[in-house]
Amino acid sequence: MSDPQHLETPQGRRLAYHRTEGQGPGVVFLGGFMSDMEGTKALWLEDWARAAGRAFLRFDYSGHGQSAGAFTDHCIGDWAEDAAAALDALTEGPQVLVGSSMGGWLALLTARAAPERVAGLVTVAAAPDFTEDAMWAGFDAAQRAALEREGVVHLPSDYGEPYPITKRLIEDGRAHLVLRAPLHLPFPVRFLQGTADTDVDRAVALRLLDHATGPDLRLTLVDGADHRFSDPDCLSLIGESVEAVLARAGAGA
């Protein structure tokens, strides 16, 4: 495994990344909350892109993986800035964004802020507005009091150590919600969602489909798929969805 390269962002953060050269539009992978660019989906897509001769970028947000900073010092707005910085500095022309879980939210924020840089969008178990609709809404009175008093609460995770959820993460999330205001996506979009996902309910995918507007929005529900969405059939579906978006965008695949 080669060492990553690093990008200094306009905000002074240092991001680790791997970039594969190839034809455009390129594909940019946006990972999930407390995930990193070494995950199954990111590496599978890198192999797919290399085989297709397609440009590809994967990177770690601040406080994630091999990028600098502490996780608890950052929030949704910071990670959206990281995504914008990586897109601006490391890619050329419109890109296909593949956003997994929180990465789906960040992809939507990126598309809303700079639609001219987006050729298409594929989300995998997208989790827009999760800090408000899943975390804050799910906190009991004791957790909300602890957040106010200590500035952080810890939530159990199926993926390892408990998640530290900071007051800043919750408050900043409210400034970046995408399901409370118009969300126009003027390019081909494929939303992918597993029915056995216990982290992001299928109702979120249906709400996103109902809320967003655009000329080519499609939702695929995969029976029995969980939040990881990383078995061979799910990975193949991600690749097929990227190919479909590229074809619909007039790029070929």
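Predicted model: local features only at pLDDT ≥ 70, side-chain atom pairs only at ≥ 80, totals over all residues.
1. Lining of the largest cavity. The residues that line the largest cavity are V28, L30, F59, A83, A86, L87, L97 and T110. At least two lining residues come from each of β3 (23-30) and α2 (76-90). Helix α2 provides the largest share of this lining, with 3 residues.

2. By residue type, the lining of the largest cavity consists of 7 nonpolar residues and 1 polar residue, with no charged residue.

3. The second largest cavity. Around the second largest cavity lie F33, F71, T72, H74, W79, P164, T166 and L169. This lining comprises 5 nonpolar and 3 polar residues, and no charged ones.

4. Position and burial of F130. Residue F130 belongs to helix α4, which spans residues 130-138. Is F130 buried or exposed? F130 is classed as buried because its relative accessibility is 11%, and the term buried applies under 20%.

5. Surroundings of F130. When neighbours within four places in sequence are set aside, F130 is in contact with F33, I76, M102, W105 and M135. One of these partners, F33, is also listed in the lining of the second largest cavity.

6. F130 and F29 stand 101 residues apart along the chain, and a separation of 19 Å lies between the C-alpha atoms of F130 and F29.

Methods:
Residues numbered from 1 in each chain as written. Heavy atoms only, no water. Helix = DSSP H or I, 4+ residues; strand = E, 2+ residues; numbered from the N terminus. Buried < 20%, exposed > 50% of the residue type's maximum accessible area, 1.4 Å probe, protein only. Contact = heavy atoms within 4.5 Å. 1 Å grid on protein atoms, 1.4 Å probe; cavity = no way out; pocket = protein on both sides within 12 Å on 5 of 7 lines; lining within 4 Å. Nonpolar A, V, L, I, M, F, W, Y, C, P; charged D, E, K, R; others polar.
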